[in-house]
Amino acid sequence: MTALTAPLADTFWATSLRRWNTVCRVLFGAMAVGLVTTAPPGGSKYQSLALLGCVVLCHAVLDRFPSNPVVRPHVYLAVLVLGLGGLAYLGSSYAALFMVTLPHYWMFGRTPRASMVFLGLATGATLAGSLLRQGWSAEFFGETTVSTLIVVAVGVLIGLWAHSVVEQSAERARLIEELERTQARLSEAHQRQGAADERERIARDIHDTLAQGFASIIVLAEAARAGLADDPGRSARQLRSIESTARDNLAEARELVASAGQPGPGGERSGSVARTLRRTLDRFAEDTQLTVDADLADLDCDQRTRIALLRCTQESLANVRKHARASTVGVVLVRRPYGMELEITDDGCGFVVEESAGFGLDGMRKRLAELGGRLTVTSSVGDGTRVLAVIPVADEGDA
């Protein structure tokens, strides 16, 4: 029996033992009364009572004090074997004692092998005592041997069935416990993955909004400080842009905090993505003095799609500001049969796409992938850059 099945088996046997011990007390008492009232007077009567008393005493000690160091389960079974052999030799109620104590071999044996060994010893002791008393007679073979073997066979079958039930129950308990542990590990893994996804989402939002805004504030502040003496009017415009960008960053921060407690994308409002992008492009043109050619179709979309297109635009413009050294930026938003398409191009210095390891492009790809979209970046050194974001959306007729 394995360590996992032992606790369940112990519980089963302990429960069964408590119930059967109650029955045994009554049966032991009935056997003692029977010996006193029906056995012929003489030494055999008192010897039988003494043997029965030894068995009952050992059983009572083991039942009352199960942790005692003397009368252990196997010691009790050994006393029972000797008692059965003696009673069979004396011819006093051995058959009744055999049947009453038959479950004890399985309860106290604890394993099928030990139970079978003690049951075999009890059978041999009973038959040996009867043989010494009856001799090789027809009564011994016809009644004693046959009846004893039938009782033993029934006891063996019942005991093996009980052990099989316990082992199956223990196996089910083990499987249930293993399933619960697996479910707990999966739940923990899902929680960790959910936390990691949420941290990545927040990091991406901060990078695409607050970080870009702060970078813009730094650039504008440096330019305003440099132009305070030479071009105060331009510096004033740049200070206004700093104030406006800071206000936008504050609004973005509040939106990020508010979105952290929202359940998900369900029920999001739809709106025009063109108006959202137009404000971003106007601010970019004002801050950088670059030429921005925008062709934005007036398209309505849900909030998640609108935010994804906005973040792609902000990240692309931030890259243009920091790296491209471009003079013109083109932005095209159009509805295609397969979804919405946002194209952002510049005539800057370009770069090698395969060697780019920035967080921004990777963040855009993951954001679009969450919506089933894709990001394509085309560039080469000296030839500018083209960023194409595609997000599939359902046809209005399918709604």
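Helices and strands are DSSP runs, numbered from the N terminus. The model shown here is predicted.

Start with Arg325. This residue lies in the loop between helix H10 (303–324) and strand E4 (328–336). Its phi is positive, about 50°, although Arg325 is not a glycine. Arg325 has a relative accessible area of 70%, so it counts as exposed.

Gln289 is another residue to look at. It sits in the loop between helix H9 (273–288) and strand E2 (291–296).

Strand E4 covers residues 328–336. Arg336 forms a salt bridge with Glu341, and their closest N and O atoms are 3.4 Å apart. Glu341 is buried, at 11%. The cut-off explains the label: buried means under 20%.

An unreviewed UniProt entry places the feature "transmembrane region" at residues 20–39, 74–102, 114–132 and 144–166. Take the span 114–132. In the model it is 100% helix and 0% strand. Its end C-alpha atoms lie 27 Å apart.

The structure holds one aromatic pair. The rings of Tyr76 and Phe108 have their centres 5.3 Å apart. Their planes stand at 65°, so the pair is edge-to-face. The pair links distant parts of the chain. Tyr76 belongs to helix H3 (residues 73–90), Phe108 to helix H5 (residues 102–109), and 32 residues separate them. Tyr76 is buried, with a relative accessible area of 0%. Phe108 is buried as well, at 7%.

Next comes helix H7, which spans residues 138–226. Val154 is found in this helix. Val154 also belongs to a nonpolar patch on the surface, together with Val146, Ile150, Ile158 and Trp161. The five residues have about 510 Å² of accessible area together. Val154 itself is partly exposed, with a relative accessible area of 43%. Patches take residues with over 30% relative accessible area, so Val154 at 43% passes that cut-off.

Follow helix H7 to its charged residues. A search of the whole structure finds seven salt bridges. One of them joins the side chains of Arg174 and Glu178, at 3.1 Å from N to O. Why can these two be about one helical turn apart? They are four residues apart in helix H7, and that separation is about one turn. Both partners are partly exposed: Arg174 has 25% relative accessibility, and Glu178 has 34%.

Arg181 forms a salt bridge with Glu177, with the closest N and O atoms 3.2 Å apart. Arg181 and Glu177 are four residues apart in the helix, so about one helical turn separates them. Arg181 is partly exposed, with a relative accessible area of 39%. Glu177 is partly exposed too, at 36%.

Technical notes
Residues numbered from 1 in each chain as written. Predicted model: local features only at pLDDT ≥ 70, side-chain atom pairs only at ≥ 80, totals over all residues. Heavy atoms only, no water. Patch = residues over 30% accessible without salt bridge, like charges linked within 9 Å, V, L, I, M, F, W, Y side chains within 5 Å. Areas by Shrake-Rupley, 256 points an atom, 1.4 Å probe, with all protein chains shown as cover. Salt bridge = Lys/Arg side-chain N within 4 Å of Asp/Glu carboxyl O. Buried < 20%, exposed > 50% of the residue type's maximum accessible area, 1.4 Å probe, protein only. UniProt positions renumbered as here; feature names shortened; annotations may be inferred. Phe/Tyr/Trp six-rings, centres within 6.5 Å; stacked < 30°, edge-to-face > 60°.
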